[in-house]
Structure formats: C-alpha cells, structure tokens
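Here is a short briefing on one protein structure. Look it over first, then read the points below.

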Amino acid sequence: MIRVATSTVRIALVGDHSPDVKAHAAIPKALTLAAGTVGTEVSVEWLPTQALLGNDLKRLGGFQGIWCVPGSPYVSMEGALRAVRFARERMVPFLGTCGGFQHTLIEYGRSVLALTEADHAESNPSASFALIAPLSCPLRETVARIHLRPGSRAEVIYGQPETIETFNCGYGLNPEHQTLFSNGALRISGVADDGSVRIVELQDHAFFLAALFQPERSAERNHSHPPIVAFARAALAA
C-alpha cells in the first residue's frame, strides 16, 4: 500500500560529514525510505560536532529527531556528547549508530553514572577509564548475528528474537564495564553470540536507541530498516 505523506520531519545528523564514509552517503537515503514507510517526508541537516559547542547547542531546537552518526573520532567529542544529552534529557527521538553508539554510552556514563573519566580509547589511548575499547575481533565490513532481549523495544521493532546486521567498527563497550548497563535506565537490549553488547535503549523515553552496527547501510540495497523506520515514526509523532 502506498502511503501519502502528510508532513515533513526535520532530522539533525550529528557528525562530521565526509563523502568518503559509506554510512554518510547511505543515511539520507535510509531516512527517505523509512519516512515513506510511515507516510511522511524527511528533511535532514548535517550538524558538525564542533558546531554544537558553546551557545550553538540551540541549533538542535526545532528538530523532531537527532541521529548521532558514524565517523568517529569526531572533531569535537564534547559537541557529540552534548547532542546526545540534549536528546536524552529533552525527550527528542534519538538514534545513534556505530560511533553514535559508542558516544551514547560515554555520555550516559559521565552524566548519569557519574563516571567523569569515562572515555574512548580511540581518541584517548591513555584513558584511565576506557569505557569504549578495541573489539577483540574488529568488525570491518562484515555481518554478524544479534540476539534481542525478550520484551525490549528492539525486539518489538524487529518482531523477532534475532537479526543479522552490517558492521564497520573496531571499538565497542569494554566488557569489563558491561554490568554498568544491566539494570539502569539505559540498558542492553541486543548482544552478539559471545554476549558482547550491540544495542542499548533508554527506558521511559519517546525513542532512544543506539546500535554498534550500521542499519543505514541497508539503503545501499534499497531496503528500509526496522530501527530507522521506528525512529522516523517516533520523530513524526514528536
């Protein structure tokens, strides 16, 4: 059935755009596909991480959704973290993929769990608290299975207990600190075969989901992807 678009949703793409990053090329198309599925149109605006420092955070106002995109290390980690916090605290539908997933965990660790030293080993190899660390097996241009937590938003979105997804990353949640996200508001909802974290979601939020994989890459095959459709639907309702 063809849906007739009734409105346009504005989505902020937080990240440092590069034509050489495959995910960056795929994201606008992925959002267009998802918007068509839920009966709307989408308008995207790239917001460089450095543009979100100081008083420039007000640039996030007026968007119905915020997507923290792949491509880390960002020019400004602080800018990316401020965007994540803005979405989390102001109930703006949020999606974080790959680097966005990694920085979602850092933002929550610093702001909510009071882990002020939580850091990313890629941008700070000497970090005293490497919340994000190198994966034991880098996931470069590969696909892998993810098991979805029963009853989670992720499982509802997919409508099945597991999924196969595309990855292109070398860093993830340090397994030494995985228990930090077991019982809090931001909790694990998808894991790899070995139990490594692949998806987290925030409880009691309009839509707040972060994934280590790159769902946007499905647009390369002209396929709409479940989490992106859910994100677009939440943005439409915002």
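**Briefing: strands, helices and a core**

Leu 186 stands opposite Leu 202 in S9. This is a predicted model, in which local features need pLDDT of at least 70 and side-chain atom pairs count only at pLDDT 80 or more, while totals for chains, interfaces and linings use all residues. Residues are numbered from 1 along each chain as its sequence is written, and side-chain values use heavy atoms, leaving out hydrogens and water. Helices (H or I, at least four residues) and strands (E, at least two) are DSSP runs, numbered from the N terminus.

**Strands around S9**

- Strand S8 covers residues 186–191 and pairs with S9 in the antiparallel sense over 5 bridges. Two strands pair if DSSP finds at least two bridges between them.
- In this pairing, Arg 187 stands opposite Glu 201 in S9.
- S8 and S9 make a hairpin with 5 residues between them. Gly 195, in the turn, has a positive phi of about 90 degrees.
- On to the next strand: S9 pairs with strand S10 (residues 208–211) in the antiparallel sense over 3 bridges. Here Ile 199 stands opposite Ala 211 in S10.
- The hairpin of S9 and S10 has 5 residues between the strands. Asp 204 takes a positive phi near 55 degrees there.
- Strand S9 (residues 197–202) has 6 of its 6 residues buried, so it is largely enclosed by the rest of the structure. Buried means under 20% relative accessible area, exposed means over 50%, and partly exposed lies in between (1.4 Å probe, protein chains only).
- S8 also pairs with strand S6 (residues 129–148), in the antiparallel sense over 2 bridges. His 147 stands opposite Val 191 in S8.

**The nonpolar core**

- The largest nonpolar core has 75 residues. Such a core is a set of buried Ala, Val, Leu, Ile, Met, Phe, Trp, Tyr and Cys residues joined through side-chain atoms within 4.5 Å.
- Leu 60, Ile 66, Trp 67 and Leu 105 have the most contacts inside it.
- Not counting residues up to four places away in sequence, Ile 66 touches residues including Val 14, Leu 60, Phe 86, Phe 94 and Phe 231. Contact means heavy atoms within 4.5 Å.

**Helices**

- Helix H5 (residues 226–237) has 12 residues, which should span 16 Å at 1.5 Å a residue. Its end C-alpha atoms are 17 Å apart, which agrees. The expected span is 1.5 Å times one less than the number of residues.
- Among the buried residues of H5 are Pro 227, Ile 228, Val 229 and Phe 231. Their cover includes strand S1 (8–14), helix H1 (22–38) and helix H4 (153–158).
- H2 and helix H3 (residues 99–111) pack at an angle of about 75 degrees, with axes 9 Å apart. That makes H2 roughly perpendicular to H3. Residues making the contact include Met 77 and Leu 81 of H2, and His 103 and Thr 104 of H3.
- Axes are lines fitted to C-alpha atoms, for helices over the stretch in contact, and angles run from 0 to 180 degrees between N-to-C directions. Angles under 35 degrees count as roughly parallel, over 145 as roughly antiparallel, 65 to 115 as roughly perpendicular and the rest as oblique.

**Two single residues**

- Ser 76 lies in the loop between strand S3 (65–68) and helix H2 (77–89). It counts as buried, at 7% relative accessibility. Ser 76 touches Thr 49, Gln 50 and Leu 53, not counting residues up to four places away in sequence.
- Glu 45 is found in strand S2 (residues 41–47). At 30% relative accessibility, Glu 45 counts as partly exposed.
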